[in-house]
Structure formats: C-alpha cells, structure tokens
Amino acid sequence: MHKLMEYSDGFVSNEHQELHRSVSESADPLSVSPLQISISPRSPKSPKSPGSPRSPSSPRCRQGTSKGGSPLKDDKHSHSPKDGRPKKGGSGGKGTWGGLLETEEGHALDLNDPNYDSTEECDHTNVRKSAEEFAEYKKKAAVIVEEYFATDDVVSTASELREISLPRYNFYFVKKLVSMAMDRHDKEKEMAAVLLSALYADVIDPSQVYKGFGKLVESSDDLIVDIPDTIDVLALFVARAVVDDILPPAFLTKQLASLPKDSKGVQVLRRAEKGYLAAPLHAEIIERRWGGSKNTTVEDVKARINNLLVEYRVSGDVKEACRCIKDLKVPFFHHEIIKRALIMAMERRHAEDRLLDLLKAAAEEGLINSSQISKGFGRMIDSVDDLSLDIPSAKSILKSLISKAASEGWLSASSLKSLSLEPEKRSLEDNVARTFKLKAQSIIQEYFFSGDISEVSSCLESENSPSSAELNAIFVKRLITLAMDRKNREKEMASILLSSLCFPADDVVNGFVMLIESADDTALDIPVVVEDLAMFLARAVVDEVLAPQHLEEIGSQCLSPDSIGSKVLQMAKSLLKARLSGERILRCWGGGGSGSTARAVEDVKDKIGKLLEEYESGGDFREACRCIKELGMPFFHHEVVKKALVTVIEKKNERLWRLLRECFGSGLITMYQMMKGFSRVGEALDDLALDVPDAKKQFTYYVEQAKIAGWFDASFSISKPEHAAENGSCL
C-alpha cells in the first residue's frame with residue numbers, strides 16, 4: 001500500500017494534496033479522506049460484484065477500512081484505448097489498478113451488512129462536511145483579501161475573518177494573502193505584511209501563520225510559473241515575517257531540512273537568510289523595502305498634527321479637526337496634540353481660546369482620553385524651562401492654561417506635577433545655562449555639517465572659558481540628544497567628538513546621568529532611546545572616555561530597577577561583555593566617521609578654491625553662485641568669505657569683493673556666515689602679514705566697508721581677536 005501511495009502522488013494536483021492534508025489534520029485519524037478518485041469518462045462503470053474490493057462483503061474492503069489507508073489521489077486519464085478497469089467487476093489483471101481505487105459518488109454503506117459499522121458512516125459524513133467547509137472558506141478568503149486590497153481597512157478585515165469561525169483553516173488565508181500580494185505592486189505587498197502583523201495571535205494563531213508560510217515555501221515551484229520573481233519576493237516576505245516577530249527564525253532551518261535540495265523553496269529560504277536577514281541593519285532595510293507605506297514615522301505624525309492645528313486655528317472648524325485627529329489613528333500619541341496645541345496657544349495668545357475649545361471638545365467626545373491629556377500637560381511642565389528661552393512668560397501662561405482646563409472639567413490638575421516659579425536668586429545661573437544651550441545646539445548642528453572638530457573646540461573655549469563642569473555636562477547631553485534623532489553618520493560623529501574633546505570623566509558621567517533622567521520624555525520622540533543610549537554609553541567606555549567603574553556610578557543614581565536608566569545600563573554592560581565587543585561597538589554606526597567627514601571638508605575647501613579661481617579669471621557671476629549652492633553646505637559658506645577676502649587682500653582684486661556683495665545681497669551668504677568668515681581672517685592676520693605687510697590695514701578698511709554695506713550687526717568688532725572670535729565663530 002505504501003508503494004501505491006508514493007506512486008499515486010505524481011498524479012495528484014497540488015490543490016487536492018493541500019485539501020487532503022488540511023482535512024486529515026482536522027478529522028479523525030481513522031476517517032476516510034473526503035477526496036473521491038475521479039473515474040475517467042472513457043472507462044465504463046461496471047456493477048459491483050461480491051468479489052470487488054469495494055463490496056461491503058469483501059474481506060479486502062474490511063481490511064482497508066480498518067487501516068484507514070487509501071492513496072486518495074486523482075487518477076490520470078489514460079491515453080490508451082484499452083479499458084484499465086477490472087473485467088466483470090473483479091480486481092483487474094496485470095498492470096491495472098483494479099477495484100482498489102474504484103470509488104463512486106453514489107456509494108453508500110449497506111445497513112443490512114453483518115459487518116456494518118455506524119461510526120464508519122459518521123466518518124464519511126464528517127469528512128464530506130469538512131471538505132465543503134474548506135471549499136467555502138477558500139472562496140470567502142479570496143473575497144476578503146480582494147476587499148482588503150481595495151479598502152486598506154485592517155479592522156474590518158479582522159472582523160470578517162473572525163466571522164468565518166474556521167480558525168483551523170487560517171493557514172490558507174495566510175497563503176492566499178501573500179500569494180495574491182506577490183503578483184501586485186509594492187503597496188499591496190506592504191499592506192499584506194502589515195495585515196499579518198495586525199492579525200497575528202489575536203485573530204490568526206501563530207501555528208497557522210507558521211503553517212501558511214510553510215505551504216507558500218512548498219508551493220514555490222508552482223508560484224514561479226506565474227510570478228517569475230517568486231524567489232526574491234517570497235524570500236522578502238519570509239524575512240519580513242521574521243523581522244516582525246510573527247515567524248520564528250528557526251522556521252528557515254526546519255523548512256530547509258524538509259524540502260528537496262532542488263526545490264525552489266530551498267532557494268527562497270537561502271535568499272531570505274543570506275540575502276536579507278544576514279545583512280547589516282537588515283531590519284530597517286526590510287521594513288522599508290516596499291516603501292513602508294504603513295510604517296508611518298513619528299516625524300510624519302508630528303507634521304500631520306501640526307498641519308491640522310494650523311488649519312483649525314485659521315478655520316475654527318471643530319468637527320473637521322476632530323475628524324483629522326481620528327484619521328491619524330494613533331490614540332497612544334494624542335499627548336503630542338495636547339503639547340503642540342498648548343505651545344501654539346502660548347505663542348499666539350489671540351488663538352488661545354479657540355485651541356482650548358478644540359481640546360475640550362476632543363476630551364468630551366472621548367477622542368482624547370484623560371491619561372493622554374495629563375501626559376500632554378505633564379510634558380509641557382517638564383519642558384517649560386527650555387520653552388522659556390523663546391517665551392519668557394511661558395510658566396505663567398502654562399499655569400493659566402492649566403487653571404482654565406481644570407475649571408472646565410476636562411483636566412485633572414491633581415494628576416500633574418507642581419509648577420512653581422524658580423527663585424529669583426538662581427535667575428542669573430539659569431540665564432547662563434540657557435544661553436549656553438542655544439549656542440551649544442548651534443555649534444553641534446554646524447559640526448554635523450562640517451565635521452570640523454577643531455572649530456568645536458575653539459567655540460567651547462570661547463563660550464565656556466572657565467571650563468564649567470555643569471556646562472560641559474549640558475554639552476554632552478545636547479550632543480547625544482541631537483545625534484540620537486539623526487542618522488548613523490551623526491551618531492558616529494558625536495562619538496568621535498566626545499572622545500576628542502577630552503572632557504573630565506566626571507563631566508561626561510553627569511551628562512549621561514542627565515540623559516538617563518530625561519529618557520522617559522526622550523522616548524516619546526525617539527522610541528529606540530534605550531538602545532541608542534546604551535550604545536553611546538558602551539562606545540564611551542570602548543573609546544576610554546569613561547572607565548567601566550563609571551557605569552556603576554551612573555547606576556547608583558538610577559533609583560528604580562525598572563526605570564529606563566536601569567535598562568540602559570544593563571544593555572550597555574551586555575554589549576561590553578559580548579565576544580569581540582570592542583570591534584563591534586566601534587563599527588556599530590558604520591565606523592570611519594572622522595576620516596570620512598575630514599575628507600568631505602577638504603573636498604569642499606578644494607571646490608571653493610577652484611570656483612573662486614575660475615570667477616577671478618573672468619568667470620560668470622551666476623555660474624559662481626550656482627557652484628556655491630551646489631556645495632550643499634550653507635553652514636560652511638564662511639569658508640567662501642574667508643578665501644575670497646584673503647585673495648582680495650593678497651591680490652587687491654576687487655572682482656571677488658563684488659562677488660561677496662552680490663552673494664550677500666541675494667541672501668546666498670547670511671550675515672552670520674559673513675561675520676564668521678571675517679573673524680577667521682582676523683584670527684589669521686599675523687600669519688597673513690608675513691606675506692602681505694599691509695594686511696592689517698587692508699583688513700580694517702574692508703571691515704569698515706562691510707559695516708557700511710550692512711554685512712555685520714552692531715556687536716561685531718575686531719579690536720580684540722578673542723572678541724571677534726566670540727561674535728563671528730560661536731554665535
């Protein structure tokens with residue numbers, strides 16, 4: 001019988017095989033398969049004889065029934081003119097299937113048969129019912145998938161799938177969804193991946209997802225007939241499922257062991273493993289491979305929130321604004337709406353009542369729940385000190401807003417932190433820290449553009465001349481905070497700068513403590529704050545900015561073992577304990593940050609020198625401006641000013657002076673960059689005077705001309721080099 005089944009496998013369609021397997025799993029092991037073996041229309045049906053193996057009185061029939069064995073496969077139509085059926089109802093001659101596979105739709109058990117077993121008839125009925133259920137499920141699944149691709153409604157799709165109430169067949173929905181998406185655009189592929197993540201465990205059992213992907217891999221040889229790029233697309237679906245945690249990584253190994261070596265499924269799994277999952281930063285690459293239409297970033301949501309608030313402030317249409325809030329579909333992020341609305345109310349006092357009316361309406365409708373409202377106000381209280389830099393009366397305005405919201409009944413003021421004015425005796429210290437924060441942010445942003453570490457050191461010496469430990473810690477915090485919200489290039493540059501500044505270890509420790517203390521708020525804007533902070537901390541140890549014992553010092557200031565700070569420390573220690581940790585941590589953000597940025601600066605300097613040479617020798621003004629724009633580094637335009645001014649002093653070439661005048665007049669070079677360029681030349685006057693004896697006299701003359709032309713503000717001065725540096729380099 002075993003040989004017979006193996007032989008018959010080659011004559012059965014994939015659909016019948018799949019149906020047989022699904023029903024076999026759901027039905028009783030002793031039941032007969034629902035598939036009936038079709039008889040070739042060329043073969044005449046013969047009446048049953050007592051000797052036929054299908055006859056209830058036949059001993060052979062009883063043996064087959066007890067074992068439950070049957071090939072259960074379709075019989076291929078014979079191309080031979082000879083009838084292969086047994087003669088006279090017998091089991092056939094040599095080379096024929098005989099009565100063993102003879103089945104008829106109308107066959108029924110004989111109730112008068114002494115060997116009649118009532119359970120056998122129940123088995124036949126249950127199997128037939130299962131076959132009908134599965135056929136009906138397949139039809140409904142196809143319709144649901146089509147509707148989902150048309151509507152993109154995850155909630156409705158989940159509801160419809162639940163209504164079918166046949167969870168044991170959900171593997172087929174997984175297979176159908178993915179196979180249909182494979183033959184469509186990237187939008188549908190992304191939609192399919194998102195739907196699977198949404199339905200996983202809640203609607204579709206993990207084992208059904210596993211089984212569905214197994215069916216897909218097994219059918220790769222069939223899928224490739226209609227979808228030529230099956231191997232790559234299906235491999236990406238498998239990799240995406242692993243990244244989304246709906247498929248265990250062990251799936252690849254187990255499936256590889258069960259597939260024939262020449263199967264296309266093997267190629268799919270190998271492509272998924274080596275081509276996608278083994279690549280650096282594979283999770284981010286895989287998530288965005290199909291455009292990430294469903295992976296809305298935090299920045300996207302913030303932009304949409306800002307747009308809806310601006311539109312509401314102009315129109316005053318509460319219903320439309322509430323509809324836009326619903327369309328965001330991010331109830332867990334509604335605290336951002338509260339925060340941005342309050343900031344807008346502080347900045348534009350005339351719109352305060354209108355914005356509070358919107359928040360009140362959203363709260364009363366239950367659109368924004370009380371916890372999100374409290375969280376939004378709490379974030380405002382935490383950030384009100386920084387906000388006071390731009391809005392001096394921010395604290396008093398926020399107090400007024402809290403009072404109004406509480407009196408109207410849509411805010412529980414008791415759930416908020418206390419908000420009190422800082423003592424007057426600390427106002428001077430606070431002003432120094434706030435001013436330094438602004439300048440530090442400007443210095444760091446410019447560093448991310450230029451990569452000039454010496455410039456950062458120079459600015460810090462000017463702004464933090466006593467080398468205050470508190471200001472050093474503030475700079476460390478600001479540097480890492482800005483880097484965490486950017487790409488790997490800036491993160492690598494931040495680590496390099498931190499190791500180059502040679503801050504005292506205690507100052508760096510205090511900076512990290514401040515980062516950890518504010519990690520809860522940072523996590524609202526940067527979800528991966530734990531991973532990023534842990535990597536920065538581990539990198540500081542590897543770069544010998546901190547010693548390993550400093551981790552314990554930082555840990556002693558993290559009060560709760562469940563706090564984000566504790567998680568950061570645990571992850572940092574794990575990273576440092578790993579094998580080859582030093583090399584891995586050094587390359588965590590791509591490495592080579594210092595060399596690559598240094599080369600970039602040198603390249604830009606060379607380009608500036610060449611474009612000025614071309615313009616000096618008779619080049620076109622428009623062409624020169626176009627080249628300056630194409631540099632793509634507006635923070636580095638001071639180098640254009642510096643090189644042009646040095647050339648004017650050395651060669652007394654007024655043509656380049658006219659270029660500077662036109663660039664400033666057109667807004668291409670800003671006042672800040674103009675002052676910084678002149679300051680750079682002022683710092684190098686002693687060296688320039690060696691080649692041009694009257695360099696100082698000429699420089700003074702051109703500074704006066706620039707002031708008359710309005711290139712500088714009133715604070716600019718060259719009487720003292722350090723004062724010039726302060727005004728020109730570090731604002």
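I began with Trp711. At 2% relative accessibility, Trp711 counts as buried, because the cut-off for buried is under 20%. I keep in mind that this is a predicted model.

**Entry 1: aromatic pairs**

I searched the whole structure for aromatic pairs and found 18. I looked up Trp657 and Phe678. Their ring centres are 6.4 Å apart and their planes stand at 80°, so I noted the pair as edge-to-face. Where do the two residues lie? Trp657 is in helix 33 (residues 654-665) and Phe678 is in helix 34 (residues 671-683). They are 21 residues apart in sequence, so the pair ties those parts together. I checked burial too: both Trp657 and Phe678 are buried.

Next I took Phe678 with Trp711. The ring centres are 6.4 Å apart and the planes are at 65°, so this pair is edge-to-face. It links distant parts of the chain, 33 residues apart. Phe678 is in helix 34, while Trp711 is in the loop between helix 36 (695-708) and helix 37 (721-729). Phe678 has 0% relative accessibility, so I counted it as buried.

Then I followed the ring pairs onward. They link Trp657, Phe664, Phe678, Phe699, Tyr701, Tyr702, Trp711 and Phe712 into a cluster.

**Entry 2: charges over rings**

I noted two cases. Lys211 lies over the face of Phe171, at 4.1 Å from the ring centre. The charged end of Arg655 sits over the ring of Tyr615, 4.3 Å from its centre.

**Entry 3: helix 6**

Phe171 is among the buried residues of helix 6, so I looked at that helix: 12 of its 13 residues are buried, and it is largely enclosed by the rest of the structure. Helix 6 covers residues 170-182. From first C-alpha to last it reaches 19 Å, close to the 18 Å expected.

**Entry 4: nonpolar cores**

How many residues does the largest nonpolar core have? I read 59. Tyr137, Leu161, Phe173, Phe213 and Phe237 have the most contacts inside it. Several helices each supply at least two residues, including helix 4 (118-151), helix 6 and helix 8 (206-218). Which helix gives the largest share of this core? Helix 10 does, with 11 residues.

I then listed what Phe237 touches, not counting residues up to four places away in sequence. Among them are Val178, Ala181 and Met182, along with Phe213 and Trp290.

Notes: Residues numbered from 1 in each chain as written. Predicted model: local features only at pLDDT ≥ 70, side-chain atom pairs only at ≥ 80, totals over all residues. Heavy atoms only, no water. Phe/Tyr/Trp six-rings, centres within 6.5 Å; stacked < 30°, edge-to-face > 60°. Helix = DSSP H or I, 4+ residues; strand = E, 2+ residues; numbered from the N terminus. Buried < 20%, exposed > 50% of the residue type's maximum accessible area, 1.4 Å probe, protein only. Lys NZ or Arg CZ within 6 Å of the ring centre and 35° of its normal. Expected span 1.5 Å × (residues − 1). Core = buried A, V, L, I, M, F, W, Y, C linked by side-chain atoms within 4.5 Å. Contact = heavy atoms within 4.5 Å.
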